[in-house]
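Have the structure open while you read.

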Amino acid sequence: MRKFFPVEELARDSRFSQVTMAERMKDPRSALGKDGPTTKSNRLVPSRPDASTAARALMHGIFVGEIQALEGAGRTCHDFRTAGDSARRAQDDDAGNDGSDAVPFALKLDMARQAWDEARHVEISVKLSDWMGGEIGEYAENTVLFQAACSTDPILRLAGVNRALEGLAIDVFTTMKEFGDLAGDPYLEFCEDWMLADEVTHVKMGSDWLRKVTENDPERRKKALEFQGVVDKLFSYGGTRSDSQESPIGLARRFRELAGFTDAEVEDIADVSLAALNERKAAVEKMQRAAEQFAEA
Amino acid sequence: MSVTVIPHTFQFVAFDAALIEQITRTLVEALGIEQDVTIEVDETTPLARLRVDTGDPIVVHAESGAFEDTRRPRQQSEGATATAIGRVLLRARDRMSDGFGEAPPDHELTLAQVAAWEAYCVGRVERLGIAVNQQRWRYNFRNRHGFTDHGDAVFDRIWSSDELTWAELDELSRSATAAVPAAS
């Protein structure tokens with residue numbers, strides 16, 4: 001069976017349309033405002049006039065994110081050989097693979113459990129989307145989440161997917177759970193709370209395996225954490241998630257702590273997210289200035 | 001009756017001013033609106049807010065997200081354009097009718113009043129033959145009026161109405177909100 005599946009070949013039916021992060025970032029329009037920093041909150045709360053629309057859009061983002069997380073965890077189960085698996089070793093030897101990507105069987109079991117969780121989350125997200133008046137494929141799908149699951153090193157993949165991607169999921173689910181609670185939505189708060197519990201577990205799996213597998217390989221651990229930093233910045237979506245009230249999604253510090261992030265790691269993510277917000281604002285301002293000059297010319 | 005779209009050409013988004021004009025003209029005729037209509041699109045933001053100034057001309061201020069195809073960022077959706085313009089033209093027509101004289105100005109409306117009026121407008125847009133997702137508007141109504149059976153019944157009544165006055169619409173909205181059990 002084929003290993004290492006490229007993002008371009010994800011199976012989707014005609015309801016879906018995909019957009020890359022580069023295309024998304026090229027959009028010169030900005031929801032951040034043309035007049036520089038503002039004290040106005042963009043946090044996703046029911047008192048926002050566009051709350052229902054914004055929540056529905058975020059729910060669709062969660063839905064496609066869950067599909068990609070399912071695909072990522074499933075690939076990690078299959079793509080790497082189990083240490084001590086003689087049948088698989090023979091295949092790898094034939095393919096010229098040196099076996100350095102071998103992972104403990106228990107790690108694969110965790111990934112299998114995660115794939116099961118993600119499949120359940122996809123079903124829950126579809127039902128929540130229906131409930132909120134959304135439709136499958138209503139919004140373009142950003143495939144950056146699966147791209148983080150394409151590393152050929154299983155530890156980098158865990159850092160990118162379980163710690164960065166699932167870490168973002170903790171932030172998103174916390175925001176949605178609070179939204180449902182404040183709005184009095186009887187299903188949203190309940191479902192998000194259950195999914196949040198799973199996400200905390202997924203991040204904890206990533207944190208634990210990262211430490212365990214790289215226990216005697218500080219260089220590999222450093223590389224994995226650097227990769228996580230890059231992915232965290234990408235997942236900050238140009239400021240969509242940060243401690244700033246200008247970001248719709250907040251940083252769920254307490255749940256990140258429960259998931260095995262150290263205080264220093266949470267602070268790093270907070271800094272990276274805020275930097276992403278500021279970079280995005282500067283880039284948008286530059287593009288808008290250029291467009292205005294073009295219009296005046 | 002004339003329809004004007006500003007700008008004529010778009011730089012930030014791939015919208016078609018002629019299509020916006022054609023959709024607006026069709027709606028204006030279907031709704032029996034006699035005033036001139038101007039559609040001003042703010043293409044510098046992806047947000048989807050709509051504002052309408054009643055008078056002659058009626059001026060619709062639309063942010064680009066209101067007309068956008070969410071499946072294809074920066075491209076125009078004919079359905080979204082028709083729903084958005086239909087909603088605000090109906091609101092403008094309501095305001096210019098006798099039964100809505102007491103309605104507060106837009107910036108003084110509560111979120112619940114806005115949601116009730118939106119349900120009233122979009123229900124009528126649907127009866128013009130424009131496809132809309134009713135559940136989307138029901139969810140918005142629930143967010144503003146609580147998640148109760150009575151609220152749902154009120155939504156159904158508003159959605160299927162064609163001849164409400166502001167006083168009736170406001171009373172329906174209040175009755176839905178009043179049905180929410182007090183937090184213990």
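Which strands of chain B does helix α1 lie across? Keep in mind while looking that this is a predicted model.

1. Start with that helix. In chain B, α1 (residues 17-31) lies across β1 and β2. Its direction makes about 145° with that of β1(B).

2. Now the sheet itself. Chain B has four strands in an open sheet, ordered β1-β2-β4-β3, with mixed pairing. β1 (3-6) and β3 (50-53) of chain B are at the edges with a single partner strand each, so one side of each has no neighbour in the sheet. On average, neighbouring strands here are turned by 15° against each other, ignoring direction.

3. Next, look at the parallel pair. β2 (residues 37-42) and β4 (residues 58-63) of chain B pair in the parallel sense, with six bridges. Within this part of the sheet, B:E40 stands opposite B:H61 of β4(B). Helix α2 (residues 78-95) of chain B packs on the sheet too, touching β2, β3 and β4 of chain B. The direction of α2(B) is at about 35° to that of β3(B).

4. The antiparallel part comes from β3(B) and β4(B), which are joined by four bridges. B:H61 turns up again here, as the bridge partner of B:R51.

5. Over to chain A, for the largest nonpolar core. It has 60 residues, and the ones touching the most other members are A:A148, A:A159, A:L165, A:I170 and A:V172. Several helices give two or more residues each, including α2 (51-79), α4 (105-131) and α7 (188-213) of chain A. The largest share is that of α6(A), with 15 residues.

6. Leaving out residues up to four places away in sequence, A:V172 touches A:L58, A:I62 and A:I249. Another core lies apart from the largest one and has 42 residues, among them B:V13, B:L90, B:W117 and B:W137. As background, nonpolar side chains tend to be buried together in soluble globular proteins.

7. Last, a helix pair: how do α2(A) and α4(A) cross? Their axes come within 8 Å, and the crossing is at roughly 160°. Angles over 145 degrees count as roughly antiparallel, so α2(A) is roughly antiparallel to α4(A). The crossing of α2(A) and α4(A) is left-handed.

Terms used: Residues are numbered from 1 along each chain as its sequence is written. Chains are lettered from A and ligands numbered from 1 in the order in which they are written. This is a predicted model: local features need pLDDT of at least 70, side-chain atom pairs count only at pLDDT 80 or more; totals for chains, interfaces and linings use all residues. Two strands pair if DSSP finds at least two bridges between them. Axes are lines fitted to C-alpha atoms, for helices over the stretch in contact, and angles run from 0 to 180 degrees between N-to-C directions. Two residues are in contact if their C-beta atoms, placed from the backbone, lie within 7 Å. A nonpolar core is a set of buried Ala, Val, Leu, Ile, Met, Phe, Trp, Tyr and Cys residues joined through C-beta atoms within 7 Å. A residue is buried if 20 or more other C-beta atoms lie within 10 Å of its own, exposed if 12 or fewer, and partly exposed in between; C-beta atoms are placed from the backbone. Angles under 35 degrees count as roughly parallel, over 145 as roughly antiparallel, 65 to 115 as roughly perpendicular and the rest as oblique. A crossing is left-handed if the near helix is turned anticlockwise from the far one by less than a right angle, and right-handed if clockwise.
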